[in-house]
Amino acid sequence: MTSITSAVKKAHRDERTARIFITACGLIMTLIPFLIGIFLFVKGTDTFTTFHHPLSEFLFSGEWDPSDTAEGGGKIGSAMFITGSLAVCGLSLIFALPLCLASAIFMTEIATPQMRRMVQPAVELFTGIPSVVYGFVGMTVLIPFLRKIFPMPFGFSLLAAGIVLAVMIYPTITTMAADAMTSVPQAWREASYGLGATRWETIAHVVLPAAKGGIVTGIILGLARAFGEALAVAMVIGQMKVFPKSLFLPASTLTTAISADMGGAMEGGEYSAALWTMALLLFILSFIFIFIIHTMNDMFTLKGDKR
Amino acid sequence: MNSAVNAKKRMDHFMTMVFFAGAGLAVILLIAFVGYVMIEGFGHMTAKIMSFENGGLGNQLFNTLYLVFLALVFSSLLGVPAGIFLSEYARKGKVVKAVRMAVETLSSLPSIVVGLFGYLVFIVMTGSQWNLFAGALSVSILMLPLVTSVTVDALQSLPDSYRQGSYGLGASKWQTIWRILLPAAFPRIMTGLIMAAGRGFGEAAALMFTAGMSTDIHWDNWDVSSRLCPLNPFRPGETLTLHIWALRTEALEANANEQAAVCSAILIVLVVSFSLAARALSYHLDKKMGGNR
């Protein structure tokens with residue numbers, strides 16, 4: 001056998017090995033989210049199968065008193081955590097959205113290119129700042145401040161959590177919205193100016209409607225981040241297991257309940273099963289967020305606005 | 001007529017002011033935020049707090065760096081081949097769509113959910129104690145989507161003539177990938193890994209139930225099998241982020257506030273410098289490659 005044929009043989013052998021190895025890695029990568037989903041599903045449905053709670057109790061009942069035993073018999077109504085999560089997310093969006101839109105419009109429509117080159121990376125840098133740092137600053141600065149200006153007993157409150165989350169989702173939404181506005185063709189703006197529109201009219205009637213898809217995607221990504229954030233919220237919300245009745249009182253969310261109690265709950269007990277069900281709910285919700293983004297992207301591309 | 005034009009002009013000026021004020025407020029808030037953390041952190045930075053003794057942060061800093069390093073190794077071992085698969089091997093259509101969907105799902109999972117998964121699989125099912133290795137595996141799951149998509153982008157941005165030239169010389173597919181495409185794409189993949197590291201430093205929720213909230217290591221113990229050895233990954237390893245969480249919620253130590261401030265400042269410096277490094281590298285690459293992207 002000559003050296004050439006053996007080299008070719010070796011190349012063929014390597015080719016096969018590489019193909020198998022690479023394909024295997026691709027498959028494993030694809031399997032990981034499925035595995036996470038399956039494990040969460042198995043653990044999360046214990047509440048309904050082993051401990052025989054109806055789904056409606058978990059979603060709509062406010063009575064939270066799970067027993068930390070394998071026998072069960074407690075109450076696992078998680079409505080207050082779910083409403084807590086929703087309230088905190090909604091609040092953060094209300095605080096963040098005006099600032100996000102203003103910043104994005106300023107960056108794309110008003111600032112000079114040089115200014116934009118300065119501001120945009122600065123905003124993007126903030127996506128990486130650790131959530132516990134936000135929580136820490138929230139605890140040491142925001143909470144004493146809130147206690148000073150509002151009549152509130154603890155400072156730890158729904159309001160504080162909403163503000164901290166608003167700061168966290170600000171870079172996400174702003175970056176997405178700015179990207180969407182940049183991709184609106186310059187010619188559209190020129191046409192609008194040519195018709196005699198002012199800059200504000202151009203922004204309101206041309207740029208914003210054209211960039212709608214990207215902005216909504218950014219909002220959903222921001223909401224997904226807010227929903228899944230655990231520690232920063234846990235540090236400022238006060239973690240009182242009550243329904244969120246007032247902005248100025250403590251409450252709890254799905255993530256804070258999990259992070260506070262999972263470590264102490266007995267593995268296999270009703271308590272931990274209920275917490276796993278909450279984790280399953282978080283997983284399903286993040287799946288729904290992605291689904292919405294996808295259908296929206298399809299919707300907006302089908303409309304045939306050629307970019 | 002004239003008054004209508006004037007009204008429009010006034011509205012335009014007014015809205016410009018509103019946007020200017022909104023953007024200005026946001027930027028001032030962000031600068032004040034980082035400024036506060038920096039001043040608080042570096043103001044309290046003493047030799048004792050930076051030491052490796054009790055009440056110091058040296059061990060936590062080491063754990064953070066070590067954990068992120070391990071997580072990077074794991075996620076690039078799986079993520080880079082998965083990226084190659086997506087870009088070079090998978091047939092366009094259903095397969096690519098499924099893998100992309102998986103990558104996206106993974107990247108939007110709340111980190112506490114990944115942490116619980118890590119806790120279940122790496123701690124409960126292996127029957128082990130909280131350890132750094134499990135923490136690194138959990139963080140690597142969070143890094144995977146970024147590493148994979150960066151690899152795909154890097155490979156796809158290479159000109160097709162690289163592949164054609166290599167095939168023309170008689171190289172096989174794997175030889176083309178290994179000898180031509182990967183070396184050419186390496187700087188971009190590296191950029192992605194640096195970005196992933198920046199994210200890893202800040203991770204906390206995924207580590208609460210995996211890496212453990214304590215650390216007990218001795219710097220004169222170099223027997224890797226010992227639980228007290230710094231380099232043994234199978235030991236509890238509290239990172240800086242977990243340390244802040246523990247300090248602020250339990251506050252057992254007298255100088256808890258100072259320690260948390262210093263931790264925050266170190267974390268911001270780490271995150272920002274890594275993300276700036278990635279940015280500088282990719283800027284440099286874009287310029288070198290003709291900037292046609």
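**A buried leucine and its surroundings**

Analyst: Setting aside neighbours within four places in sequence, L275(A) is in contact with W64(A), A257(A), I258(A), D261(A), M262(A) and A265(A). Please keep in mind that this is a predicted model. L275(A) belongs to helix α13 of chain A, which covers residues 270-302. Its relative accessibility is 0%, and because buried means under 20%, L275(A) counts as buried. For a sense of distance, take I290(A): it is 15 residues from L275(A) along the chain, and the two C-alpha atoms are separated by 23 Å.

T210(B) sits in the loop between α7 (173-201) and α8 (240-250) of chain B. Its relative accessibility is also 0%, so T210(B) counts as buried. Leaving out residues up to four places away in sequence, T210(B) touches G115(B), G118(B), Y119(B), I123(B), W130(B), N131(B), A134(B), G135(B) and S138(B). A polar atom of the T210(B) side chain lies 2.8 Å from the backbone oxygen of A206(B). Between T210(B) and L109(B) there are 101 residues in sequence, while their C-alpha atoms are 17 Å apart in space.

F34(A) has 54% relative accessibility, and since exposed means over 50%, it counts as exposed. Together with L31(A), L35(A), I38(A) and V42(A), F34(A) makes a nonpolar surface patch of about 480 Å².

Now to where the two chains meet. Chain A and chain B bury about 6,600 Å² between them, and 83% of that is on carbon and sulfur atoms. Chain A brings 70 residues to the contact and chain B brings 71. The polar side of the interface includes eight residue pairs in polar contact, both residues being at pLDDT 80 or more. The rule also finds two salt bridges across it. Among them, E201(A) pairs with K8(B), with the closest N and O atoms 2.7 Å apart. On the side of chain A that touches chain B, α1(A) gives the most, with 20 residues.

Technical notes:
Residues are numbered from 1 along each chain as its sequence is written. Chains are lettered from A and ligands numbered from 1 in the order in which they are written. Side-chain values use heavy atoms; hydrogens and water are left out. Patches are made of residues with over 30% relative accessible area and no salt bridge: like charges are joined within 9 Å, nonpolar side chains (Val, Leu, Ile, Met, Phe, Trp, Tyr) within 5 Å. Accessible areas come from the Shrake-Rupley method with a 1.4 Å probe; for residues, only the protein chains shown count as cover. A salt bridge is a side-chain nitrogen of Lys or Arg within 4 Å of a carboxyl oxygen of Asp or Glu. Buried means under 20% relative accessible area, exposed over 50%, partly exposed in between (1.4 Å probe, protein chains only). Contact means heavy atoms within 4.5 Å. Buried area is the accessible area (1.4 Å probe) that two parts lose on being put together, summed over both. A polar contact is a pair of N or O atoms within 3.5 Å; within protein, one must be able to donate a hydrogen and the other to accept it, and residues adjacent in sequence count only if both atoms are side-chain atoms. Helices (H or I, at least four residues) and strands (E, at least two) are DSSP runs, numbered from the N terminus.
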